[in-house]
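This briefing concerns the nonpolar cores and the pockets of one structure. The sequence and the model are shown first.

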Amino acid sequence: MLQLRSVSRALRFNFPARTSRGALTEHLVHYLMLSDTAAPEQAGWGEAAPLAGLSPDHGPAFVATLEGFVREFNRRQLRELLPQEAAELVGPEWPALRFALETAALDYQHGARRQLYNNAFSRGEAGLPINGLVWMGDADFMREQIEAKLAAGYDCLKLKIGGLDFATELRILADIRAQAGPDRLTLRVDANGAFTPAEALGKLEQLARFDLHSIEQPIAAGQWSAMAEVCRHSPVPVALDEELIGLTAPARQPELLEQVRPAYLVLKPTLLGGLAASQHWATLADSHGIGWWLTSALESNVGLNAISQLAGTVALPGFPQGLGTGQLYHNNLAAPLSIAGGQLHYHPAGVWEAPG
């Protein structure tokens, strides 16, 4: 008989992680462990980590919902659980919980070894190129991060913008380009919806001189007509991120892409309802000629591993993914994941620290 249990962990940031929505110092994550009652030590792991200010399921009701779901799951006395059945057991309004259950089922199905997919990354044979993430802060703090990322061998950086005055952010971008031109370094920026529709194109014109790969969510989500205008006229390719969150109605998803016509989608399984839901968005993007990449959403190493192994299966080879956030915490679960030369690596023979 299958059984489910949960434990929680408060992850503490190495520094206040600032976005245009504010600063984070702690992130509460919840782990699901799926096992057979006859062998409880052989458990598949999943992570539910709703993010404050962004996840539709973040809030005081989440813990009670999680605990109630675990009780109801165990009451059913199921003998099997296929990963695709997670979407049937958890409603779309709880995307982080759905991701956790789906991941735990996938891990359990493959022997509870944290190898959810069979690909070169999960076998430890190849790394995944990732963008180095540069967090908002004062100018000196951002420059320190940039220098460290360049020294570490990254050839793609992503900068959070919208938290400093715009002139300072332009100077920081100019400093980067003085050190590394577009032939050496790909630059992405993420505004987290910080620009107003009226100012967006003017700011994008100024950003364009730095040969940016893309800008994520230049204006706040929910303004499809305004975003369509930005995408149509922007000299910097636009990627949708927050725009996808909570958009679970199947008919509305292609409607968004057809109306807005972005250059890229940023796919975050914790926010979109799991691995299969993210794959659905990727397939939809492909059918509309839109690029995409997978990104973690401040999960611990359990969630990061799941998203990375999906990327090893479905992502465009050589295209940097947004998967380097595991180093943000000083009390992350120890895991056989490492970063070298701007690539994330998985070591299947390595040791995992149990969630609890």
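This is a predicted model: local features need pLDDT of at least 70, side-chain atom pairs count only at pLDDT 80 or more; totals for chains, interfaces and linings use all residues.

Residues are numbered from 1 along each chain as its sequence is written, and side-chain values use heavy atoms, without hydrogens and water.

**Nonpolar cores**
- A nonpolar core is a set of buried (under 20% relative accessible area, 1.4 Å probe, protein chains only) Ala, Val, Leu, Ile, Met, Phe, Trp, Tyr and Cys residues joined through side-chain atoms within 4.5 Å.
- The largest nonpolar core comprises 93 residues, and Leu159, Leu207, Ile215, Leu265 and Trp281 have the most contacts inside it.
- A second, separate core has 20 residues, including Leu32, Leu66, Val90 and Leu97.

**Largest pocket**
- A pocket is an open set of points on a 1 Å grid where a 1.4 Å probe fits, with protein on both sides within 12 Å along at least five of seven lines; lining residues have an atom within 4 Å of a point.
- The largest pocket holds about 520 Å³ of space.
- Its lining has 35 residues, of which Leu133, Trp135, Leu298, Thr325 and Leu328 are the closest to its centre.
- H4 supplies the largest share of this lining, four residues.

**Second largest pocket**
- The second largest pocket holds about 370 Å³ of space.
- Among its 25 lining residues, Ala87, Arg98, Gly273, Ala276 and Ala277 are the closest to the centre.
- H10 supplies the largest share of this lining, six residues.

How values were computed:
Buried means under 20% relative accessible area, exposed over 50%, partly exposed in between (1.4 Å probe, protein chains only). Grid points are joined across faces, edges and corners, and a volume is the space filled by probe spheres set on the points. Helices (H or I, at least four residues) and strands (E, at least two) are DSSP runs, numbered from the N terminus.
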